[in-house]
Amino acid sequence: MDENLGKFIDDFARLVQLAQSGQYRTPSGIQLLTTLTEHLAEPAESLSVVVEEIPPHRFVDADILMAGLAAEDAGFRLVGIGGGDQRHHQSLSDMLQLSPFFPQFPLSQPDYTNLAVGPDEQRQAVASGLWLFSHDGGPIAVLQRDANPKYGRQSASLEVLAGDTGSAASFLAEFRRRMQQRSVLKGQVISLVMGEYGPSAAGVTFHARPALAASDVIMPEGLLQKVSDHVLGIARHRDSLNRYGQHLKRGILLYGRPGTGKTHTVRYLLSQSQGTTAILLSGGSLARIGEAAAMARALQPSIVVLEDCDLIAEDRSFGHGPQPLLFEVLDAMDGLDNDADVTFVLTTNRVDMLERALAQRPGRVDLAVEIPLPAPAQRIALVELYARGIPFSAAAVQDAAARTEGTTASFARELVRRAVLAAALDGAPVADVYLGTAVDELMADGEALTRSLLGSGSGASGGDGDGHAGPFPGGPGFGGPFPGGPGFGGSGFAYPGPSVSGQDGFGQDP
């Protein structure tokens with residue numbers, strides 16, 4: 001046998017024996033420890049980890065910022081940490097201390113999650129990943145993890161490791177400074193939602209800002225201007241008010257029967273406030289009022305919309321103490337500084353349930369406006385609006401408006417729809433006779449419940465034109481224009497024409 005071949009066979013045999021005995025295998029579980037030690041030029045297990053917690057709704061901001069900070073070092077690396085579910089239950093400090101004894105945290109690929117950064121835009125964010133880079137001339141490592149209540153993480157976090165705690169503190173100071181300066185939430189319309197594991201673990205839903213002109217809002221003369229001046233006018237003249245020592249923080253209460261246009265008025269205010277952050281709360285998400293107030297202060301100028309506050313006027317089920325949630329709402333409003341450019345807009349169908357609480361906390365709401373049922377002139381305008389493009393005569397429209405006293409815009413919309421449907425069923429063109437017949441049918445005694453469900457007539461209660469519709473879709477009990485928001489439900493923008501006052505719910509479809 002050739003001498004070289006024999007030596008090769010012997011070496012190969014020894015290699016097989018080493019592999020079988022496990023002595024030749026690299027203990028991959030300590031890759032994390034060795035990688036960090038090499039990067040930091042210090043024994044990683046001997047260094048202190050500094051933890052920075054991040055609210056779930058700001059995690060996408062933190063991801064954008066971390067990617068930018070790391071990229072300032074051309075040699076940065078982003079790696080993941082393996083080890084199955086165990087890695088989710090251990091802090092970075094725990095992983096480093098356990099690695100020499102229980103090698104179970106190998107390096108792997110980072111985990112990612114898709115997060116919204118706007119109504120129609122998403123970002124692939126690092127859900128779990130280890131950033132290795134240099135900051136201010138020194139090496140630093142940051143483990144970025146999102147909130148995951150399944151594993152006991154109610155908030156997102158950054159776990160920072162550096163050669164000394166001073167470097168870690170310096171990095172986090174820079175991180176906080178940049179977080180205060182920018183956010184994908186600023187200037188957006190968002191709703192806060194309830195998560196599966198409670199409000200603290202929930203995020204936000206982005207909505208397209210409504211587009212609505214004053215000419216599309218049918219209200220008594222001067223009423224819309226009064227509301228707009230208080231909500232938007234103060235913001236436009238903030239410099240003058242500040243100069244004379246007048247406060248910017250304000251609260252407005254819109255009240256009235258269901259279907260009269262409270263939420264639609266809010267929709268108009270949002271459409272006219274480009275660049276203003278709007279935070280929408282309704283139903284169970286009103287429990288997040290404290291968080292919403294803090295966000296409004298950080299992202300000002302802001303509008304916080306509290307829909308159907310009568311539902312929580314005496315409800316203690318959402319609160320954290322013996323007082324109703326409404327008092328927590330009022331406390332959050334009072335907690336902002338007077339110079340905060342924040343508007344609180346409350347809507348209610350039952351002002352009697354709010355009046356005593358508001359009177360006990362004077363100054364939170366400084367303007368109350370009743371949105372009334374449409375008068376004859378407004379009812380004519382509503383029928384004309386919904387019948388746009390339909391050849392009803394002026395006389396027929398005026399007759400329909402005169403015979404439908406006490407009705408709302410939802411009723412007017414249904415009136416026109418029934419007239420069009422009846423003509424279609426007869427195979428005939430739409431004409432005045434069908435509008436008159438629709439009035440006869442809907443105003444008949446047997447249709448009292450239908451009128452109530454449309455927010456019109458006696459017996460209407462608890463609804464906003466859509467049978468308690470509101471502006472935020474995606475869940476039971478509430479309706480409106482913003483589809484896809486968990487915890488809210490509604491009909492959206494189904495109707496092709498412009499929205500009008502006289503209905504609640506930001507969309508057209510009842």
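Which helices are included in what covers the buried residues of H14? Helix H13 (376-386), helix H15 (409-426) and helix H16 (432-442) are among the covering elements. The model is predicted: local features need pLDDT of at least 70 and side-chain atom pairs pLDDT 80 or more, whereas totals for chains, interfaces and linings use all residues. Residues are numbered from 1 along each chain as its sequence is written, and side-chain values use heavy atoms, without hydrogens and water.

**Helix H14**

- Helices (H or I, at least four residues) and strands (E, at least two) are DSSP runs numbered from the N terminus.
- Ala 396, Val 397, Ala 400 and Ala 401 are buried in helix H14 (residues 394-402); buried means under 20% relative accessible area, exposed over 50% and partly exposed in between (1.4 Å probe, protein chains only).
- Seen down the axis of H14, the buried residues fall within an arc of 135°, so they line one face of the helix; the arc is that of the directions from the helix axis to the C-beta atoms.
- Ala 394, Ala 395 and Ala 402 are exposed on the face turned away from the buried side of H14.

**Glu 414**

- Helix H15 contains Glu 414, which counts as buried because its relative accessibility is 10%.
- Leaving aside neighbours within four places in sequence, Glu 414 is in contact (heavy atoms within 4.5 Å) with Leu 442 and Leu 454.

**Leu 306**

- Not counting residues up to four places away in sequence, Leu 306 touches Leu 281, Leu 286, Ile 289, Val 329, Phe 344, Val 345, Leu 346 and Thr 347.
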